[in-house]
Amino acid sequence: VVMPWYWSNVHSMLWPDPYNKAESAAVDGLRNLPAGTLAISDEPGFLWRAGRLTVPYFDDSSIKRIEQGQITAVNLQNAAAKPDVCSVLVWTSRYANLDLGPRRAQVGYEVTARYGGPRVLYEKRTCRP
């Protein structure tokens, strides 16, 4: 009885739909970063697909961590300022609401791509992998 239900509900996990145009462009943007650099995103699956690692504290970007104060604008800004972090991909309102703020320019980030809505890729001009 459970098997047909299970099989019909795990299909998207076992065989996910291909990325749409914006998602593919974001993954390609991350792939084009220098080898050995780190990135931060509220959609860690994009980092994985691009072959990028993230700052360990930001490998889980769930809304629960934000609501509990574990991920804040300040610690996002501090992590993004590390020399080996070269990009921040904001994909949802979770990180859009945490904006890199005034430190974005100070640390050397600029917008390199926009994907509609809150979706934006920031890259650091000077990055040291």
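Reader: Two strands pair if DSSP finds at least two bridges between them. On that basis, how many bridges join β1 to β3, and do they run parallel or antiparallel?

Author: Four bridges join them, and they run parallel. Strands here are DSSP runs of E with at least two residues, helices are runs of H or I with at least four, and both are numbered from the N terminus. This is a predicted model, in which local features need pLDDT of at least 70 and side-chain atom pairs count only at pLDDT 80 or more, while totals for chains, interfaces and linings use all residues. Residues are numbered from 1 along each chain as its sequence is written, and side-chain values use heavy atoms, with hydrogens and water left out.

Reader: What stands opposite S41 in β3?

Author: L89 does.

Reader: And what order do the strands of the sheet take?

Author: The sheet is open, with five strands in the order β2-β1-β3-β5-β4 and mixed pairing. Its edge strands, β2 and β4, each pair on one side only.

Reader: How does β4 run against β5?

Author: Antiparallel, with six bridges joining β4 (residues 109-116) to β5. Y109 has K124 of β5 as its bridge partner. Two residues lie between the strands of this hairpin, where G117 takes a positive phi near 60 degrees.

Reader: What does T54 touch?

Author: Taking contact as heavy atoms within 4.5 Å, and leaving aside neighbours within four places in sequence, T54 is in contact with L38, A39, I40, L47 and D59. The T54 side chain also reaches the backbone oxygen of A39 at 2.7 Å.

Reader: Which residues touch the most other members of the largest nonpolar core?

Author: I40, V55, F58, V88, Y95 and Y109, in a core of 17 residues. Such a core is a set of buried Ala, Val, Leu, Ile, Met, Phe, Trp, Tyr and Cys residues joined through side-chain atoms within 4.5 Å. The elements giving two or more residues to this core are β1 (38-41), α5, β3 (85-90) and β5 (119-124). Another core, of 13 residues, lies apart from it and includes V27, L33, L89 and W91.

Reader: Which residues of α5 are buried?

Author: In α5 (residues 73-80) they are L76, Q77, A79 and A80. They sit on the same side of α5 because they cover an arc of only 165 degrees around the axis, taken from the directions from the helix axis to the C-beta atoms.

Conventions
Buried < 20%, exposed > 50% of the residue type's maximum accessible area, 1.4 Å probe, protein only. Polar contact = N/O pair within 3.5 Å; in protein donor to acceptor, adjacent residues only side chain to side chain.
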